Amino acid sequence: MIKIEEGQTVDQAIEVQPEDDDHTQKIQSDLQKIRAEKAAYETMRKELERDHLGKYAVVRDKKLLEVFNDFREAWIAAAKKYGVGRDTHYLIRRVGPDQPPFILPSSVQFGLLFSTA
C-alpha cells in the first residue's frame, strides 16, 4: 500500500516506494494513463472553454467522450461506458481556467485508499 503523508502529492509518495513493488508499478501505470488524458484535454481546452465553459468533459484514450452539465452525469456516463474499478481510467474535468491542475479518477483514488497490496 502506498502511504501518502500530509502535504505530499501522489507522485511524491510513489517516488519513495520500492521500484519492484507491484502495487507501486500499477499506480505509476495508472498515473501515466491519466497524464496522457490530461495532455489530450489540454489540446482540446481552448475549444472546450469556448463552447462548454463550466460543464464537465470526459476524456478516455485521448478522445473526448462527451460533455455533461454536471459531474454526476459525467461520472455515470463514464462508468457505464468504461466501468469502474482498478483497471479503469478516464479523466473527468470541469471545463474552465479556474480548475485544479490534476484530477485523479475515482478508480485510482479508491485503489490508493483500499489497496490490499
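**Exercise 1. Determine which residues His 52 is in contact with, leaving aside its neighbours within four places in sequence.**

Solution. Step 1: two residues are in contact when heavy atoms lie within 4.5 Å. With neighbours within four places in sequence left aside, His 52 is in contact with Val 67 and Val 95. The structure is a predicted model, in which local features need pLDDT of at least 70 and side-chain atom pairs count only at pLDDT 80 or more, while totals for chains, interfaces and linings use all residues. Residues are numbered from 1 along each chain as its sequence is written, and side-chain values use heavy atoms, with hydrogens and water left out.

Step 1: locate the residue. His 52 lies in helix H2, residues 22-52. Helices (H or I, at least four residues) and strands (E, at least two) are DSSP runs, numbered from the N terminus.

Step 2: consider accessibility. A residue is buried under 20% relative accessible area, exposed over 50%, and partly exposed in between (1.4 Å probe, protein chains only). His 52 has a relative accessibility of 26% and therefore counts as partly exposed.

Step 3: consider distance. From C-alpha to C-alpha, His 52 and Gly 96 are 8.5 Å apart in space, although 44 residues separate them in sequence.

**Exercise 2. Describe the order and the pairing of the three strands in the open sheet.**

Solution. Step 1: two strands pair if DSSP finds at least two bridges between them. The order is E2-E1-E3, and the pairing is antiparallel. The edge strands are E2 (63-68) and E3 (91-94), each of which pairs on one side only. Neighbouring strands are turned by 25 degrees against each other on average, direction ignored. For such angles, axes are lines fitted to C-alpha atoms, for helices over the stretch in contact, and the angles run from 0 to 180 degrees between N-to-C directions.

Step 1: follow the bridges. Four bridges join E1 (residues 56-60) to E3. Val 58 has Ile 92 as its bridge partner in E3, and Tyr 56 has Arg 94. Five bridges join E1 to E2, where the partner of Arg 60 is Lys 63.

Step 2: examine the turn. E1 and E2 form a hairpin with two residues between them, and Asp 61 in this turn has a positive phi of about 55 degrees.

**Exercise 3. Explain why E1 is largely enclosed by the rest of the structure.**

Solution. Step 1: in a regular strand the side chains alternate between the two faces of the sheet.

Step 1: apply this to both faces of E1. Tyr 56, Val 58 and Arg 60 are buried on one side, and Ala 57 and Val 59 are buried on the other.

Step 2: conclude. Five of the five residues of E1 are buried, so the strand is largely enclosed.

**Exercise 4. Identify the residues that take part in a salt bridge with Glu 42.**

Solution. Step 1: side chains of opposite charge can pair when their charged atoms come close. A salt bridge here is a side-chain nitrogen of Lys or Arg within 4 Å of a carboxyl oxygen of Asp or Glu. By this rule the count comes to six salt bridges.

Step 1: find the partner within the helix. Glu 42 forms a salt bridge with Lys 38, with the closest N and O atoms 3.6 Å apart. Because these two residues are four residues apart in helix H2, about one helical turn separates them. Glu 42 is partly exposed, with a relative accessible area of 31%.

Step 2: find the partner in the sheet. Arg 93 forms a salt bridge with Glu 42, with the closest N and O atoms 4.0 Å apart. Arg 93 lies in strand E3 and Glu 42 in helix H2, so the pair ties together parts that are 51 residues apart in sequence. Arg 93 counts as buried, at 3% relative accessibility.

Step 3: compare another pair. Arg 50 forms a salt bridge with Asp 51, with the closest N and O atoms 3.0 Å apart. Arg 50 is exposed, with a relative accessible area of 63%, whereas Asp 51 is partly exposed, with 41%.

Step 4: Salt bridges that share partners join Lys 38, Glu 42, Arg 45, Glu 49 and Arg 93 into one network.
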